[in-house]
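Me: I would like to learn how to read a ligand site and a nonpolar core from a set of coordinates. Could you take me through both, step by step?

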Amino acid sequence: PDSPHHQGAMPCLPHLPLLGSLPWLSPHLPPHLLFTQLSHRYGPLYSLYMGPHYTVVINDQHHAREVLLKRGREFAGRPYMVTTDLLTRGGKDIAFSDFSPLWKSHRRLVHSSFTLFGEGTHKLQDIDSLCEELQASGGGPVDPGPAVSRAVTNVVCTLVFSSTYRRDDPELAQVMEYNDGIVETITRGGLVDIYPCLKVFPSEALSKLKECISVRDQLLTRKLEEHKASMREGDTRDLLDALIQAQAPRGQRSAQQEGAGLTDDHILMTAAETFGAGVETTSTTLLWILAYLIHHPQVQERVQKELDEVVGRGRGVCLSDRAHLPYLDSVINEGLRIRPVSPVLIPHTALCDSSIGGHSISCGTRVLINMWAIHHDPQHWDQPDLFKPERFLDDQGRRVTPPCFLPFGAGPRVCVGESLARMELILFLSSLLQRMSFQLPEGAPPPDLQGRVGVVLQPLPYKVLVIPREMCQT
Ligand code: HEM
Ligand code: PLO
């Protein structure tokens, strides 16, 4: 068991040997709401025992910044968990891998490849086919989920493999299916992740996870082989090429070289993770925003008015328009605030003895950052439960970013896909709203705004009516 040596008195939940604080944690509430509720009793910074693991929970901006930024390097570790260990072949990925020099150079390589190839992923065809697919509903109610997921998958596909799937490709359906299975079963805080010894018992969730992982591995191994076969020297087409080339020819690998130590497993895990992270996060955010637009038609109209004024209807939206679309940006930010994809960030761990808010923290302590609580903190947000994009604009209509807004995390573990994600959100959302409006079908219930929690907070499926807007022919 991890033992704490804090001197100051950080409030701590009651706990028993072995069970830890679990008997005091309501299993009916999702973790982000449970932790927020506990912060009303224990204050914004408290600790508890997840089974044997001493865990600090942070519910305010001030301590979150201390852990992520001020002492970011000391808290850049990740705990061992059975499910993520299976998912990543023992931490050969970026998100769930513990801190190590290899992880650091791997992360740097992937980050720069995203920057290099990110721009190229926005061929308008993905956006065009998304619009066409939604409009093909012919005015009847349609669930925007599958079309959005497909479009976003193709963006990541271009980035990783420089290829795209056609709408009816059976492989695309397979990718979407295994992703769903993983999202469902890799829930953080599941019992095996608290008591690794439970993994010896048969469990439905664990076998489903293994099944999905094996489908994923077969599919990606085949893609990787195809890629290697078609590679030409001097031509770096995409993320996979960049990673394979960074490996350097066998025999010439030196320890100093960027990419030294990267195995084929690392490459496979990176491709898998880019797929997973790239698809689930962006599509989930888009679907939350659409759901809120259905609830707030006046917000949709205002975005469309801004688009009409800045872009018009004679051409597609491009990235350089972003500077002139502050309201669109504020709608995206408000979506990311009110429904953060990752309401409790991936757990961090202390890599050495350190401190939080003056309390000593011993090496190995787990730290959970409750971004939900920070994004809904009534001390910093006026009516935090309301969808109000204007909070991201000043009275002149210029952008403002409040310090309590950290949807991508911060510091050494900040999201590596942030700029890619922002680019996608802006281009997809603006193109959709330029060409069509979304309405609630007559008699249908408005989209549920509670959502369901897995590893990401997703909206439940809902239906919309798609009303085409008149476009000018050029
Ligand atoms: C990590 C949010 C899109 C790849 C994270 C973290 C958050 C986050 C909160 C964890 C930070 C922490 O643990 O401290 C988001 C949101 C997105 C988004 C809100 C979109 C709306 C993407 C995309 C990609 C991506 C498109 C890749 C294509 C990653 C990776 C990590 C990460 C690899 C792990 C970083 C690390 O542990 O070092 N993201 N993300 N994300 N994200 Fe994103
Ligand atoms: C999504 C399902 C995939 O099959 C595997 C996968 C990989 C990376 C994960 C992602 C899933 C969910 C969202 C995560 C991302 C890494 C960073 C991102 C957790 C499980 C966030 C929002 O933190």
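This is a predicted model: local features need pLDDT of at least 70, side-chain atom pairs count only at pLDDT 80 or more; totals for chains, interfaces and linings use all residues.

Me: Which residues are the closest to ligand 2, and how many surround it?

Reply: One begins by listing the neighbours of the ligand. Here 13 residues surround ligand 2, and the closest of them are N179, I182, G276, E280 and S342. Of the 480 Å² of accessible area that ligand 2 has on its own, the protein covers 89%.

Me: What lies 2.5 Å from an oxygen atom of ligand 2?

Reply: That is a polar side-chain atom of N179, which counts as a polar contact because the N or O atoms of such a pair must be within 3.5 Å.

Me: Which residues touch the most other members of the largest nonpolar core?

Reply: In soluble globular proteins, nonpolar side chains tend to be buried together. In this model the largest nonpolar core has 74 residues, and I356, I369 and F438 touch the most other members. The element that gives the most to this core is α11, with nine residues. Apart from this core lies another, of 51 residues, including F161, M176, L262 and L420.

Me: What is I356 in contact with, leaving aside its neighbours within four places in sequence?

Reply: With those neighbours left aside, I356 is in contact with L45, V56, I58, H63, E66, V67, F75, I361 and V367.

Key:
Residues are numbered from 1 along each chain as its sequence is written. Chains are lettered from A and ligands numbered from 1 in the order in which they are written. Side-chain values use heavy atoms; hydrogens and water are left out. A residue is near a molecule or strand if one of its heavy atoms lies within 4 Å of it. A polar contact is a pair of N or O atoms within 3.5 Å; within protein, one must be able to donate a hydrogen and the other to accept it, and residues adjacent in sequence count only if both atoms are side-chain atoms. Accessible areas come from the Shrake-Rupley method with a 1.4 Å probe; for residues, only the protein chains shown count as cover. A nonpolar core is a set of buried Ala, Val, Leu, Ile, Met, Phe, Trp, Tyr and Cys residues joined through side-chain atoms within 4.5 Å. Buried means under 20% relative accessible area, exposed over 50%, partly exposed in between (1.4 Å probe, protein chains only). Helices (H or I, at least four residues) and strands (E, at least two) are DSSP runs, numbered from the N terminus. Contact means heavy atoms within 4.5 Å.
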